[in-house]
Amino acid sequence: FGAQPAVLLPAPCSLAGVSLADPWAPLPQLDTDVLTEVNPFDEYLKRCVPAYQHPYARKKRIAPVGAFIDPITDNLVLPVHDADEETRGIQLISAVGEKWFAEGTALRGHGLLLGSIHDTRGMGVCEGWATGVTLYSLLGLPMLVAFSANNLLAASRPYHAMGIPLVFFGDRDPNGTGQRYARAAASELSAAVRLPPERTGDTDFNDFYVRKMTATQKGSQHV
């Protein structure tokens, strides 16, 4: 996921007497009462601001839906939630597209929900945030960002248990990883699966979208 920056939290904070000035140190082991009162990820998000634009989002030609900005580092900040909307971690994306998870992030079985599942006709599940925002914007369908292929099934299980129809929008990886995990998750949960058109350079639906948008703009310049 690229090199980790030296500082995640804008300023040192104290949690049950343990300094979190070094965000890459393992999270302290706290008793249950303290954990229910203070979530270090939520404390960090309070220091961030809603994202209105970011170099990575511009490159992907999307609005930064569901994202925050760290005003100190200018990193894009994506919360990782469980199905009860509790924050279980954070993914950060730099201006040049480097991605990494904050220390202590519990990714398996969790993700980032774009949109609302209330009264929905269904929900899409995908790997990356850019893919999720692209499909959410184009289809108007709530999207669950699982952040990795091997988390597609685990992240979507709670929503399947709610009776929500699912569609897995897998990546088309050269080594077959995205396709394999998307199809396996869809088979396990009796869900539909969709893959981007097979074309060199297009590994996900955002790649496909960006290429089509670029081609359209180039065509209009010659009219």
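**Close-up 1. Helix α6 of the predicted model, spanning residues 177-188.** The helix comprises 12 residues, and the distance from its first C-alpha to its last is 17 Å, close to the 16 Å expected at 1.5 Å a residue. Gly178, Gln179, Ala182, Ala185 and Ala186 of α6 are buried. These residues lie on the same side of α6, because they cover an arc of only 140° around the axis.

**Close-up 2. The open sheet of five strands.** Its strands follow the order β3-β4-β5-β6-β7, and their pairing is antiparallel. The edges are formed by β3 (49-50) and β7 (99-101); each has a single partner strand, so one side of each is left without a neighbour in the sheet.

**Close-up 3. The pairing of β4 with β5.** Strand β4 (residues 68-69) runs antiparallel to strand β5 (residues 76-81), and two bridges join them. Phe68 stands opposite Val77, a residue of β5.

**Close-up 4. The cysteines Cys48 and Cys126.** Cys48 is buried, its relative accessible area being 9%. Cys126 also counts as buried, at 0% relative accessibility. A disulfide is a covalent bond between the sulfur atoms of two cysteines. A search of the whole structure finds zero disulfides.

Key
Residues numbered from 1 in each chain as written. Predicted model: local features only at pLDDT ≥ 70, side-chain atom pairs only at ≥ 80, totals over all residues. Heavy atoms only, no water. Helix = DSSP H or I, 4+ residues; strand = E, 2+ residues; numbered from the N terminus. Expected span 1.5 Å × (residues − 1). Buried < 20%, exposed > 50% of the residue type's maximum accessible area, 1.4 Å probe, protein only. Arc of directions from axis to C-beta. Pairing = 2+ DSSP bridges. Disulfide = S-S within 2.5 Å.
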